[in-house]
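Hi there,

Here is the structure I promised to pass on. Have a look at it first, and then read on for what turned up in it.

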Amino acid sequence: GLELVAYDSHITFSQHSSERGTAFFCTLSTPTPFKIYKLCRKAFILKHSSTSGRSSTQTFEARLLHIESRPGRKWKNNGPDLEFFMRSSDVLLISTHNAVPWFPKQIKDLDRCNVLITKFDPDLDHGHPGYNDSEYKKRRAAIVELAFRYKHGDPLPTVEYTAEETSTWQQVYQQLRSVYPSTACRQFLDSLQQLEEECGYGKERIPQLRDVSAFLKEKTGFQLRPAAGLLSARDFLASLAFRVFQCTQYIRHPSSPMHSPEPDCCHELLGHIPMLANKEFAQFSQEIGLASLGASDEDIEKLSTLYWFTVEFGLCKQNGAVKAYGAGLLSSYGELVYALSNEPEYKPFDPEEAAVQPYQDQTYQPVYFVSESFEDAKMKLRRYSANIQRPFAVRYDPFTCSIEVLDQPARIQSALSQMREDLKTLHGALEKLGSS
């Protein structure tokens, strides 16, 4: 289905071509006559939807040879539509513009990035350990409400965890902490030690988002905001572009301390936070987020799968051994041990392959991707992201916590000018080192 768009009116039409030219049989969506002669003299726009789900607008110029109008067969607004017959020649395509999905451009826009995936919600998922526990679901709902009420700029909410919740945290912390030295990557271990020394991490209490966010902000510029549950891939990845991590505050059911079907504070605080305190990994995470802004649904699906096999279940090589850096592994004792055994298949990290690899969200992964280093993974991700089809590039401005859309020469020139100033500063620093 194609639409002819002119002067805020919509005309549906069929197109017929012959050696005499191209004819359009059109129906205007309003019975009110409009200045048809202006349509003859100006370009018209064809709008259609592609098979990928992304709409596209094409602008044409044409010399119209003949126009007729007459009352249409359908009546709207107490009157008939006007039908137009137009015959033209020399149709010329001027440009094609793909409609881009909305994405946040300012950090406060993340208030709109809150679409939840309820697949593993304890009210709906019969397999959730808390499905039949009304008290657990009531408590979880109260904590979730804190996230629903949160708006950018508000103080991060605190949760007074119960003795039972703290006991669950204690079991998880002790069990995982005992195997981290032999299973986790060096960056994770270094950051976890800092969290224990500077941020109150330990088995005695569940850390509060406010304290953890302040710690991350100082280390890598990342900050936290409360999440009500499992977010849609598009909304979650968009947050990463701003160096914001959406973090749940409820905890898993006490009957299943070593595994949760949905993200919870054990997964976030033990799996994700230590890695986000590492500068290289923080940059890697943000670049996945930047690549997602304005991407098609198909590319979002690939990026979220890429995220799954790296940030959630990624492995890397260190000192001749394979170590875990994925949060899904580092917050799940059973899969952490399994992933580093001889049972699963390992593949070298290749974004093109990882982006389409089928994955499991209810059992252990059949395959894991192993990166040579975070720097190598980041370079591969950049090359992959460069092939994502968008009519613009994006750049994060840390001074205003906003996204610059580089779709005009003036904006690109401004970004280049800022980069030149940064290069001058670095050049001056090198000269001072050389003269000392």
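A word on terms before we start: a residue is called buried when its relative accessible area is under 20%, exposed when over 50%, and partly exposed in between (1.4 Å probe, protein chains only). Please keep in mind that this is a predicted model, where local features need pLDDT of at least 70 and side-chain atom pairs count only at pLDDT 80 or more, while totals for chains, interfaces and linings use all residues. Residues are numbered from 1 along each chain as its sequence is written, and side-chain values use heavy atoms, with hydrogens and water left out.

**Confidence and overall make-up**

The average pLDDT (the predictor's confidence in each residue, from 0 to 100) is 83 for the chain, and 78% of the residues score at least 70. Over residues 20-59 the pLDDT is below 50, though this stretch has 140 contacts (heavy atoms within 4.5 Å) beyond near neighbours in sequence. Residues 91-97 also stay under 50. Where pLDDT is low, the predicted coordinates should not be read in detail.

The chain has 436 residues, and 48% of them are buried. It holds 14 helices and 14 strands; these are DSSP runs numbered from the N terminus, with helices being H or I of at least four residues and strands E of at least two. Among contacts with a separation of 6 or more, 62% join residues 24 or more positions apart.

**The cores**

A nonpolar core here is a set of buried Ala, Val, Leu, Ile, Met, Phe, Trp, Tyr and Cys residues joined through side-chain atoms within 4.5 Å. The largest has 79 residues, and Tyr 180, Tyr 201, Phe 245 and Leu 269 touch the most other members. A second, separate core of 16 residues includes Ala 241, Phe 242, Tyr 396 and Cys 401. Leaving out residues up to four places away in sequence, the partners of Leu 269 include Trp 169, Tyr 201, Leu 209 and Val 212.

**Two helices side by side**

The axes of α5 (residues 209-219) and α7 (residues 265-276) come within 10 Å and cross at roughly 25°. Axes are lines fitted to C-alpha atoms, for helices over the stretch in contact, with angles from 0 to 180 degrees between N-to-C directions. From α5, Leu 209, Val 212 and Leu 216 make the contact, meeting Leu 269, Ile 273 and Leu 276 of α7.

Why is α6 (residues 233-241) described as largely enclosed by the rest of the structure? The reason is that 7 of its 9 residues are buried. The cover over these buried residues includes β8 (244-247), α8 (279-292), α9 (297-312), β13 (393-397) and β14 (402-406).

In the loop between α6 and β8 sits Arg 243, which has a positive phi of about 60° although it is not a glycine. Arg 243 is buried, with a relative accessible area of 14%. Cys 401, in the loop between β13 and β14, has a positive phi of about 50° and is not a glycine either. Its relative accessible area is 17%, so Cys 401 is buried.

**An exposed proline**

Pro 181 lies in helix α3 (residues 163-183) and is exposed, at 53% relative accessible area. Beyond its neighbours within four places in sequence, Pro 181 is in contact with Leu 189 and Lys 323.

Happy browsing!
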